[in-house]
Amino acid sequence: MRTIRRHRLRLPLALMLLAATPAIAQQQPIQPAAAAPSRSFTGSDLFGLSIAADPQISPDGRSIVYVRRSGDIMTDRMQSSLWLIDVASGRQSPLVAQGSSPRWSPDGTRIAYAAPDGGGSQLFVRWMATGASARITSLPGDPQALAWSPDGTRLAYVATVAGQPTTLGAAPPKPEGAKWAEPLTVIDRVNYRSDGPGYLKPGYDHLFVIAADGGAARQLTFGSFDDGGPLSWTPDGRAILFSAIRGPEADRQVMNSDVIAVDVTTGALKTLTTRDGPDGAPRLSPDGSKIAWLGFDDKRRSYENSQLYVGDGAAANPRSLTGGLDRSIEDAQWAADGRSLYASYDDHGLRHIARIGLDGRLTSLVDNVAGGGIDRPYTGGEFSVSRNGTVAYTGGDASAPADIWVLANGKSRRLTTLNAVLTGSKALAQVRKIAVTAPDGRPIDAWLATPPGMPAGQRVPLILEIHGGPNSAYGPSFSSDVQLYAAAGYAVLWTNPRGSTSYGAEFANLIDKNYPSADYDDLMAAVDATVAAGVADPDNLFVTGGSGGGVLTAWIVGKTNRFKAAATQKPVINWISEALTMDNTLFTSRYWFAKLPWQDPMSYWQRSPLSLVGNVKTPTLVVVGSDDYRTPVSESEQYYAALQIAGVPTALVKVPGASHGGLAARPSQSAGKAAAIIAWFDRYRGASGGAGRTAP
């Protein structure tokens, strides 16, 4: 782990700000530290945070290899390294300085992993007895979905196979030595760009197999289709299961993947599931007699629970084991005896791991699974299971990012405390759950963080932080945004209004074809509850949120003037333009509206925050990543322009190089984004009897 040096820190944030009212000037670098260490949580502390991910327990249950993501102040990135934990003692040691996706060989003697090498990632194998590692691939694309063959002699993975660009006509001959412009780009794919990667290069993802000790890789699947993992070998090593959308009109399908088996020798494909709806994440039972997978019947609604299915060895006679659970299964893995599976799912903002029998009987094992991100308190987390039933998982609470935990003999135990030194030196906001009742009587889960050192009974400014999705969930997890807001003297409220996941399909679909709508009322009820509890100053209310939360933020300021200021992050402002410019071209009009934009434009307009801009009086900051292709930059720019025209105090913050999902991926930009929002709120924050900033 790279040590953070104690010297003057200048965050290389290049947030571009355009302002109508007195400008938010270019952000100032963080000032030199005071003589005494500060107890406040600051933007600089983001470089000191680490989070555990992808825990992989050895087949015998004695060791865990996991990915540790830690801030690197010199590269301004979260760097991934591999660490090894002895389960019995809890001792850990570094394994690989840079690496990801570790996977144990079936006999536990080797670990395969991906690591940077040159311009991309390659596949490596480490021999645990000697500590030697060897690169076994020379790929033009990054390996994904690593899977060992049952006998440990081969590895399967997914990688991109480059294709030829589409052309129309040809440029004239180019003289030798001439410097011409780049050739024309011709786009003819339905989905031609993706948030994160950007505009897609010609090519498709396919399956490969390589000997575990190196050699030439062999491509198993072909065609103009993207094949994906996770991959699952048959016990005899003759076939591999994967999922893909294949067949005629494959590029016009959104969620209609099938489980497919490929013969490793001949490359012959056999489609095992054939319904209208996604089937994926196949897992063969240890003896190969059954297949488990995740999926659902696509009813063209905004949300469906992903159910756990089991069929025979060819996926015939499928039955759902979780139809009565009314929760979405995130991952499932077979127990060694093949008579049950371990599965993770979210319930009331908490991620659980349970054991599910083939009769559908469920036994909850743990409910503190956490992980995935640092900036906001989304549900998340990962797990793996050894042959003796020991479970390794990422877990935690609101006090720190996820650590590694182990569940054995019915008891869970924390194995790492990656952030104990940092968090122990900081005054952090305390988090508690609060009771909220919606106007229609529905209970709404909400959590409240209060500024460190806030005197009991004293009111403080409140920030309402709204999750995205909108079909997702917040929970009582660590959030750097929440801690930064609280350190600035704000209480922070986050909720799971109707439309959120982890409360059943009916609750999530209360906003189906009707978003935004009564979720606004749920959010206002949560704010009212904090005011009634004597925490929130009703004259100092603020609101922010990203993606779906950005939609609701812009919707809220069009509905009410109760908030002193707002910050809408990566919002959708105009559903017609979003439906025609987002990266998943067919999604919005197919699942969130009953008709196409040109068939019923008013239904799109009536649910667009842009339709309410004439009502907005609240000073509103607009924040977006410059490379956002999910809720494209043009959405934020439209809203900024509309607010300008309407004479509403506003500013536009662009985060250079940031995608939708990566708005907070660079620590300096994550800190800078939060600082910009705090500065905007501070500008309009009135005098309050609140407990100000934490004393150093």
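Tutor: The side chains of Arg 126 and Ser 133 are joined by a polar contact of 3.5 Å. A polar contact is a pair of N or O atoms within 3.5 Å; within protein, one must be able to donate a hydrogen and the other to accept it, and residues adjacent in sequence count only if both atoms are side-chain atoms. The Arg 126 side chain also reaches the backbone oxygen of Gly 131, at 3.4 Å.

This is a predicted model: local features need pLDDT of at least 70, side-chain atom pairs count only at pLDDT 80 or more, and totals for chains, interfaces and linings use all residues. Residues are numbered from 1 along each chain as its sequence is written, and side-chain values use heavy atoms, with hydrogens and water left out.

Arg 126 sits in strand β8 (residues 120-127). Strands (E, at least two residues) and helices (H or I, at least four) are DSSP runs, numbered from the N terminus. Arg 126 is buried yet has no salt bridge. Buried means under 20% relative accessible area, exposed over 50%, partly exposed in between (1.4 Å probe, protein chains only). A salt bridge is a side-chain nitrogen of Lys or Arg within 4 Å of a carboxyl oxygen of Asp or Glu. For Arg 126, the nearest side chain of opposite charge is Asp 117, 14 Å away. Lys and Arg count as positive, Asp and Glu as negative; His and the chain ends are not counted.

What does Arg 126 touch, not counting residues up to four places away in sequence? Leu 95, Val 96, Thr 109, Arg 110, Ile 111, Tyr 113, Gly 131, Ala 132 and Ser 133. Contact means heavy atoms within 4.5 Å.

Tyr 113 also has a ring partner. Its ring and that of Phe 124 have centres 5.6 Å apart and planes at 15°, so the pair is stacked. Rings of Phe, Tyr and Trp (its six-membered ring) pair if their centres lie within 6.5 Å; planes under 30 degrees apart count as stacked, over 60 as edge-to-face and the rest as tilted. The pair links distant parts of the chain: Tyr 113 is in strand β7 (residues 110-117), Phe 124 in strand β8, eleven residues apart. Both are buried. Tyr 490 and Phe 542 pair edge-to-face, with 5.5 Å between centres and 85° between planes. The structure holds 20 aromatic pairs.

Now the charges. There are 33 salt bridges. Arg 275 and Asp 279 form one of them, at 2.7 Å, N to O. Asp 279 is buried, at 2% relative accessible area. Lys 654 and Glu 637 meet in another, at 2.5 Å. Lys 654 lies in strand β39 (residues 650-655) and Glu 637 in helix α9 (residues 633-646), 17 residues apart. Lys 654 is buried at 18%, whereas Glu 637 is partly exposed at 32%. Asp 440, Arg 442, Arg 498, Glu 506 and Asp 522 are linked in a salt-bridge network.

Last, the nonpolar packing. A nonpolar core is a set of buried Ala, Val, Leu, Ile, Met, Phe, Trp, Tyr and Cys residues joined through side-chain atoms within 4.5 Å. The largest has 101 residues, and Tyr 639 is among those with the most contacts inside it. Helix α4 (residues 519-532) gives the most to this core, with seven residues.
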